[in-house]
There are 2 protein chains.
Amino acid sequence: MSQQRHGSTPGGTGDVPAFPDLPEATIARLPEYLRALHNLGEGGADTISSEGLAAAAGVNSAKLRKDLSHLGSYGTRGVGYDVALLIEQIEYVLGLDQRRAVCLVGVGNLGHALAGYDGFASRGFKIVALFDADPAKVGERIHGLVVRHIDELSEVAVEESIAIGVIATPAGAAQAVADELVAAGVTSILNFAPCVLSVPANVDVRKVDLAIELQILSFHEHRKASLTALPGGRSATGAGTQEAVGS
Amino acid sequence: MSQQRHGSTPGGTGDVPAFPDLPEATIARLPEYLRALHNLGEGGADTISSEGLAAAAGVNSAKLRKDLSHLGSYGTRGVGYDVALLIEQIEYVLGLDQRRAVCLVGVGNLGHALAGYDGFASRGFKIVALFDADPAKVGERIHGLVVRHIDELSEVAVEESIAIGVIATPAGAAQAVADELVAAGVTSILNFAPCVLSVPANVDVRKVDLAIELQILSFHEHRKASLTALPGGRSATGAGTQEAVGS
DNA sequence: AGGCGCTTGTGAAGGCGTGCACAAATCGCG
DNA sequence: CGCGATTTGTGCACGCCTTCACAAGCGCCT
């Protein structure tokens, strides 16, 4: 209902959208919908129902419909959603229609892998620069990119219009790196270092702590162990229904 | 208030606790508190106020107090929390007092890095086995572990009492690997592959998709760009207050 | 043309999580 | 011994998110 602004967005002549400020929870799920849609599209599907897409994305169908309704009315009742159109819309909302330059700081164990991670490039993100503080690593060539010293960060960031930075340094160096990224004009940071970062209010930080995920799983293991200690005693391997407990 | 079961847990003689089912949001924050506490403890702090610990963990102090109150009353009014006692309590609740064996499937780009990630070992998780389907990788030695073929998974999992598995394979192989992990008795899975997994109800799955995090940041970049297009026009680098926008 | 089945979009209700504000409790000091 | 400063633990209200249930809309078949 209400006013629709249908196919005026991606192919538009550059008008600014003014988002209907999506709920944060919805934003976090859009990439998952997008991935599912790409899979379905490659499978030859032309349209997809909310039920089908929800199953492919691992969520409730009602939740999916409400999420998509926040973007506007891009479905057809009785039919479903046009896969290509929906892909286009979500990519537009997420800002994926424009290539986004990313830099990565910290070419250690994890950073090395991130530099070559296929998932970034396939989703439209291009790592354009690698930095490290260790002189021994500067000059090293990783997946086609030469590691530069971190002192060059500011210069390169401006030159390449880098807005997103990834921190893969030890925790002790992360805050200093974040400060340098901010000073270089970066406004979004993905932090893999296990520490809290202080940044200005206009900078977004998302944190990924691999160890935390394992600790959460550990809790559930502990809980399950304390429960199975009471009733059966045996571990119920290969139980029955299928259910994923996501984030 | 209510009944307290104070220092009866970690040093106890093996009684099963029966958790007061913590809110999921609280569980997800406990590892962060734990990390902050370890930092404070190494800094020589004996006790810490909720205000101080909240700052170190990057959360609101009221939220922290409510979270900790769910574990029981381990603080002293007018003083704060005993750092060592709180560490012990949180580690107990998370089940970190017992070493947890972890296996990792998929020794590609990302898996290679995860195998050597320091953060796992330092938090009490020990990767005891690496698997891959590629015969060319079987036999390779990575950080002191030899890569084994995935067909050996079931045998090794039982032998080493592995309850947690990490999937770092391409998306296409992830579901098959998950099935094999479940069949081998694994009841917690950390999935790095960009796909939805179907598992029995008694198995917990947590998903980490690195590309999704970047896409969420991309949305905020897009939003910020469309906002700054209206008022000032210049990017307000180096604004003022410090604020982190976490997960 | 009309009706029927299917699917979207949404109003409303319920649950969960957050943050405020304050009472209860503890320590230190005079 | 009592008082004030300090800090925890929590009742309460608010807002966000999820879920149900259903009306509105669309296409197809007769």
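Which residues is Ala163(B) in contact with, leaving aside its neighbours within four places in sequence? They are Glu221(A), Ala101(B), Val186(B), Thr187(B) and Ser188(B), where contact means heavy atoms within 4.5 Å. Keep in mind that this is a predicted model, where local features need pLDDT of at least 70 and side-chain atom pairs count only at pLDDT 80 or more, while totals for chains, interfaces and linings use all residues. On bookkeeping, residues are numbered from 1 along each chain as its sequence is written, chains are lettered from A and ligands numbered from 1 in the order in which they are written, and side-chain values use heavy atoms, with hydrogens and water left out.

**The interface**

- On chain B, 86 residues are in contact with 86 residues of chain A.
- The two chains bury about 7,700 Å² between them, 62% of it on carbon and sulfur atoms; that is the accessible area (1.4 Å probe) the two parts lose on being put together, summed over both.
- There are six salt bridges across the interface of chain B and chain A, each a side-chain nitrogen of Lys or Arg within 4 Å of a carboxyl oxygen of Asp or Glu.
- Glu213(A) and Arg206(B) pair their side chains in a salt bridge, at 2.5 Å from N to O.
- Helix α9 (residues 210-228) of chain B gives the most to the side of chain B that touches chain A, with 16 residues; helices (H or I, at least four residues) and strands (E, at least two) are DSSP runs, numbered from the N terminus.

**The nonpolar core**

- Ile90(A) and Ile90(B) touch the most other members of the largest nonpolar core, which has 103 residues. Such a core is a set of buried Ala, Val, Leu, Ile, Met, Phe, Trp, Tyr and Cys residues joined through side-chain atoms within 4.5 Å.
- Beyond its neighbours within four places in sequence, Ile90(B) is in contact with residues including Leu30(B), Tyr33(B) and Leu68(B).

**Two buried alanines**

- Back to Ala163(B): this residue sits in the loop between α7 (153-160) and β8 (164-167) of chain B.
- Ala163(B) is buried, because its relative accessible area is 19% and buried means under 20%, with exposed over 50% and partly exposed in between (1.4 Å probe, protein chains only).
- Ala184(B) is 21 residues from Ala163(B) in sequence, and their C-alpha atoms are 9.1 Å apart.
- Ala57(A), in helix α2 (residues 50-57) of chain A, is buried too, at 5% relative accessibility.
- Leaving aside neighbours within four places in sequence, Ala57(A) is in contact with Glu32(A), Tyr33(A), Ala36(A) and Val196(B).
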